[in-house]
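Subject: Structure handover

Hello,

Here is the structure, with the sequence alongside. My notes on what was found follow below.

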Amino acid sequence: MSAEEHDVTFESADAGASQTFPMQCSALRKNGHVVIKNRPCKIIDMSTSKTGKHGHAKVHLIATDIFTGKKLEDLSPLHPQHGRSPREPQGLDITEDGFMSLMTDSGDTKDDVKVPDNEVGEKINQMFTVEEKECNIVVLTAMGEEAAMECKEAPKA
């Protein structure tokens, strides 16, 4: 074997740690968050059935995907909840291709969150571009995806 055959570049290396954690269904609540069909969702309705001839009580969850708004359902005796992380970096700029330049808590810039094509995106454009206000953008991160969920006027220093 030549040395060239062993020259390999790895794009990422992680331990495969899960971005979710298991949780008992009894701890889930309406407006809480859960993973259904590998999508991070917000619970909009839930009901439980009593034990019957098939053995275990089940929980019927109706939820909406937090990124797409698509409605999903699940019937399960146990379901994991996903870890989610809302942050509010300050908006610095909006690029011509529709991405925001945001300042993180550590002072670094983040340039990979797109202005959404919905009411939140309209509010971001209105406050930042038209009204020229300093804004904080609520960015929700879940299961490796990010989306701007809200725009707030930055508190005056």
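Asn 136 counts as buried, at 14% relative accessibility (buried is under 20% relative accessible area, exposed over 50%, partly exposed in between, with a 1.4 Å probe and protein chains only). Asn 136 sits in strand β11 (strands, E of at least two residues, and helices, H or I of at least four, are DSSP runs numbered from the N terminus). Leaving out residues up to four places away in sequence, Asn 136 touches Glu 88, Pro 89, Gln 90, Glu 150, Cys 151, Lys 152, Ala 154 and Pro 155 (contact means heavy atoms within 4.5 Å).

Two points on the source. This is a predicted model, in which local features need pLDDT of at least 70 and side-chain atom pairs count only at pLDDT 80 or more, while totals for chains, interfaces and linings use all residues. Residues are numbered from 1 along each chain as its sequence is written, and side-chain values use heavy atoms, with hydrogens and water left out.

Next, the helix. In α1, residues 119-130, the buried residues are Val 120, Gly 121, Ile 124, Met 127 and Phe 128. Seen down the axis of α1, they fall within an arc of 140°, so they line one face of the helix (the arc is that of the directions from the helix axis to the C-beta atoms). Their cover includes β8 (90-94), β9 (99-103), β11 (135-142) and β12 (145-153). Glu 119, Glu 122 and Val 130, on the other side of α1, are exposed. Where α1 starts, a side-chain oxygen of Asn 118 comes to within 2.9 Å of the backbone nitrogen of Val 120. Just after α1, Glu 132 has a positive phi of about 50°.

Then Asp 111, in strand β10 (residues 109-114). Asp 111 is partly exposed, with a relative accessible area of 47%. Neighbours within four places in sequence aside, Asp 111 is in contact with Phe 99, Met 100, Ser 101 and Leu 102. The side chains of Asp 111 and Ser 101 are joined by a polar contact of 2.9 Å (a pair of N or O atoms within 3.5 Å, one able to donate a hydrogen and the other to accept it; residues adjacent in sequence count only if both atoms are side-chain atoms). The C-alpha atoms of Asp 111 and Leu 92 are 9.7 Å apart, with the two residues 19 apart along the chain.

Regards
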